[in-house]
Amino acid sequence: MKKQREKIEGKHISAIACVLAVAVTFLLPWAYLGPEKYTLYGFFRAIYAAGGIAAYAPDGGNIYASYVVTYLALAGVLLVAVHEVLLFFNIRSRILNTAMYGCTFIYFTGYTIFGGYDAGPALFAFVAIMGLEFLVVLYLEQSKEINENYRLMKKREREEKAERRRRLHFPGRYPREFYSVIWDNFKYKWKNYILFILSGVFSATFLTVAIGMNYILRKVHSIEDIVLGTGMQQILIRAVGLIMFLTIFLTAFVFSYYIKSRMSDYRMFTVLGIRSRTLSVIMMVEYAGSLLISFIAGIAAGTGILLYMRHLLVNKLGTGVIVSSIGPAIYLFALIGYVIVLMIATAINYESYLRVRDSFASVKDVAREKIPGRFLIPASLLGLEFIRSSISSYADTSIWTVFYFAFGLYLAITYGKALLMKWTDKSDRYFYRHLLEKIPFYYRFKKNCRYLVMLTTIHLLALGLFLIQFCGNLIAKPAEELIPYDFVLTMHEGDEDTVAGIEQKYDARADLYPMIRVTTPTGNSFDFMATLIMFAPPGQNIGISEATYRKLYEARGLPEPSPLGLEEDEIHIVFQQDSSYKVRPIDASAGAGIENPYLKLGQPQGGGEYAQWRVKDYECKILTGMLQRGSQENLVVFSDDYFNSAYAKTEEGIRNLCLLNVPEEHYADVDRELQTLREKHIVDESYDYDIRVYYGSRQTVRDIVSERYTNEVVYAFVILMLAACACFLTYIKFSFEAGDICRRYGFYDCMGMHEREQMKTIRKEMWPFAVAPVLISTVTAAIYTALVFRLRTYESSQIMNYIKTGGTMAAVYLIIQAAWMAWLVYQMERKIKKSRINVGRQEV
Amino acid sequence: MKEKIIETKGLVHNYKVETRQSVEVHEIHVLKGIDFAVEKGEFVGIMGKSGCGKTTFLKLLGMLERPTGGTVIFKGMDTEELWKDELADIRRRQIGFVFQDFYLMDSLSVMDNIKLPMILDKAEPEAMKKKVEELTEQFGITGLLYKAPYELSGGEKQRVAICRALINNPEVVLADEPTGNLDSKSGQVVIDALCKINDELGKTVVMVTHDSRLASFCKKIIMLKDGEIIDTIERRDSREGFYHQILDKTTEL
């Protein structure tokens, strides 16, 4: 009935629209024929009055065509009439409808094309009315149906909900005994809770410290370029990223063990018929409570560490730099970070959470984890390829390289181990001989592989990334040696007078050398991430002749360099940096590399074309000063002939390099005086705010010192954190597995296995989990270190220095790991011995 | 005709197992379409060789696992149609479980273990106390109430588990090899308890066992072989005669 009413409503609308369309078409005078205006009816009448179309328009042309298409309009009118009649009898024909629209539409289009008049407004009005009619009818016919379905669905849902509520009605309150049961159960497993809480404390502490360091050091550095990947903030941001990554995996790992340990209790509740919501609340309270305690404890511990680090920094850097106070923003961001970590860790273990509440899933918990059986060789090879390419593409201090490596390692370990097991297990003799020590892999393959990958990655981050950074700082030359001149100026024509005035007034000594600004299309101080989000500014370096290069050597009191022997198209580069950075190409454009940079003589704002040059040789030496951490303001040495001719052609822009030394008491005065030059040539700084008209040694030294010290503090903290993280991870693994292991060895005992054999087996079972990650990471870290020596062009004395410092620290790190594992093995042996059958004569 | 408490129609259950190298996954057909019914007040034994699907069948009857096919009907209700919490309610109020491994919580005292289903049912403390006293007296474990489960012997543990199974006054008790971990003396105590539950309390008992002597205490035995019911034996004369009848059948298996 209702449907019928809707149909009728739709037809009425349709009829009204048709009437309107007809009225618009016929009754309004749209047709302009010369000076006259006609309706459609008027047009035919005028033709008839004139005695036919031939008489009306003896010249023919478009009027003929218009006249022909007018018959379509007539057809349209007839169709409309039929349509209206049918509608009256509640019949709606879609074909008729379409034909009616078609005829009238073609009529108008034809008239517009052929007619000598403007039918545009009529056309649009008609199309609009028809379109509207179509949509209204469609809406009335279909949306009501949809709405009705929706309404029925909602009604059904409501009824189902009410029925469900009725069926699941469970009134009353749980008795006091309920809470005491939950509490007793909680107390009984307190060790698991402690470990669980401790993992949260670790995460919260690390995040608080990392974010807090970022916060308190944000104002220390004068040249800060977060996006371009330089400066302390960048170091700290990377540290935060790394810490987030580690805490996610650490937390996820602990969660997985924790859930397993709680599974039997929750399952028992489920079998005995606990309501799912009650179980969820219990789990939620346990979970949220533990995590809240963790966060509070972590915040407290993190604040303590931060206060100590701040104390160290303030003492070391003095009052000249601003070390901010610890503020609430740190806790807010730490909380956000912590929540993100928990969410991801929870999501990783989501399936296990669901399983806890599912009484049907008992088999899945005890079922052994699947060992990959397919694509073993290709996946292992792919993993090895990832490892190989991460090593070969190792760019100094790149965290991505390590993650790339970790992914390769995951594939190689998971599939490689499965492949190895497949091969070795073919021999029954081998299989049964090593079965006992390999049981962890047969039973919990995936979990153990993930553990190996994670532990290896942690060791690699410590030894192959942060230790390299840390040692690079330790063995670097003192900052004062890297900035030999009080001021380094890039001068324009006419600035000589200012410098001469300063020389005279402040008893200063200025050495002027001819130079040309050498610009590269893309500066090298950005990293991959920066290219994704912003435009990288051009690189700016100092172009000098070989003669100047020799003079600079002499001025620094260095032994005379060998002749460079440069051809016209060759250059020599002097990278001015310390040993904590790798040598980076002066041009980061695609295809340039360190050997073939694109160069333009002149400033970025000037004209000229970039051309590719050949670097004959390069060296790391401080001749004018480490002004931009070796990323810019390096020396590009040309042959004398080429430089002289190019210099002669350069009339504008930077012309001279000035190295200025002033008495200490006048440093501030000269700095002030040089401000006038800066203001005069401020356009030189406009292309890259790192580039300065002049560089003062005090600020630069302070920047270097503060950056290095921050590096040392941060890297030391991160290395310590990684060491602790590795120890904690191992502890977690074996603490949670201790029960199972003891039960298994108790069984071996029952089967008559000798104690000595048991101890041998447990050692064989546990040690590989420490040795394999250490071995893989140490070898990889050694390769990374060797690559760093090459990338940073270390001299043999520096290498020796590095090996002494880094080697000692790595040895300490490894000894800690080994000692920790030895202690864990010892503890496990004790537990196994305790659970042995206590009969017979005791060994002394 | 007595009321059917549990009924199964075409019950099918499959497991997936992997080989040592996990290359191939095999599907094991544990139950192959079982039609079965337990009437109110019956004491039914399920027998068969190891691996024939006895425990799986019991788990499906107790709604602890979801069947691959077919249905379990509990007191006329198709369990597939019930909400998860409704199944929980049935398990809590109408079914008592007795497991071979006891499944007592070491974190709780014996008294709390017994009370647990009532606690989860929001019962009044006085009612719980009364019921615990009543049951522990019946099963002779009054002196164990404040002990921890790990301090008990196997027979004591199983009696605690039986008390826990009965605390909510269920219609059915499902027992999975209840004497499997016990010596013959303790086993006898447990089987006496189960008989008492059936005879005196009028509860329906479904027990999985492979022990013919134990099975002779049942009133009806169904024999499972390779996931199918191959025979049903009903006790008509003396227990001794029934025992020999079962023995003959198990020998045939």
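In which sense do strand β9 and strand β10 of chain B pair, and over how many bridges? I started my notes here. The model is predicted. β9(B) covers residues 220-225 and β10(B) covers residues 228-234. I find them paired in the antiparallel sense over six bridges.

I then looked at the turn. Two residues lie between the strands of this hairpin. Asp226(B) takes a positive phi there, near 50°.

**Confidence**

I checked the scores next. Chain B averages a pLDDT of 87. In that chain, 96% of the residues score at least 70. For the complex, the predictor gives an ipTM of 0.80 and a pTM of 0.65.

**Where the chains touch**

**Seven-stranded sheet, chain A**

I moved on to the sheets of chain A. One is open, has seven strands and runs in the order β9-β8-β5-β6-β11-β7-β10. Its pairing is mixed. β9(A) (611-612) and β10(A) (614-620) are the edge strands, each pairing on one side only.

β6(A), residues 539-545, runs parallel to β11(A), residues 635-638, and four bridges join them. Ile544(A) has Val637(A) of β11(A) as its bridge partner.

Which strands does helix α21 of chain A touch as it packs on the sheet? I find β6(A) and β11(A). This helix spans residues 546-555, and its direction makes about 90° with that of β6(A). Helix α22 of chain A, residues 640-649, packs on the sheet as well. I list its strands as β5 (516-520), β6, β8 (598-601) and β11 of chain A. The direction of α22(A) makes about 110° with that of β6(A).

**Four-stranded sheet, chain A**

I turned to another open sheet, ordered β4-β12-β3-β13 in chain A. Here the pairing is antiparallel. The edges are β4(A) (509-514) and β13(A) (694-696).

β4(A) is joined to β12(A), residues 654-661, by six bridges. In this pair I noted Arg509(A), whose bridge partner in β12(A) is Asn661(A). Helix α24 of chain A, residues 697-750, packs on the sheet and touches β3 (487-492) and β13 of chain A. Its direction makes about 65° with that of β13(A).

**A helix pair, chain A**

I finished with α19(A), residues 496-506, and α23(A), residues 667-680. Their axes come within 11 Å. How do the two helices run against each other, roughly parallel or roughly antiparallel? The axes cross at roughly 165°, and angles over 145 count as roughly antiparallel, so α19(A) and α23(A) are roughly antiparallel. I logged the crossing as right-handed.

I then listed the residues that meet. α19(A) brings Thr498(A), Ile502(A) and Tyr506(A). α23(A) brings Asp669(A), Val670(A), Glu673(A), Thr676(A) and Leu677(A). By class, I have four nonpolar, two polar and two charged residues in this contact.

Technical notes: Residues numbered from 1 in each chain as written. Chains lettered and ligands numbered in written order. Predicted model: local features only at pLDDT ≥ 70, side-chain atom pairs only at ≥ 80, totals over all residues. Pairing = 2+ DSSP bridges. Contact = placed C-beta atoms within 7 Å. Axes fitted to C-alpha atoms, helices over the stretch in contact; angles between N-to-C directions. pLDDT = per-residue confidence, 0-100. Parallel < 35°, antiparallel > 145°, perpendicular 65-115°, else oblique. Left-handed = near helix turned anticlockwise from the far one by under 90°. Nonpolar A, V, L, I, M, F, W, Y, C, P; charged D, E, K, R; others polar.
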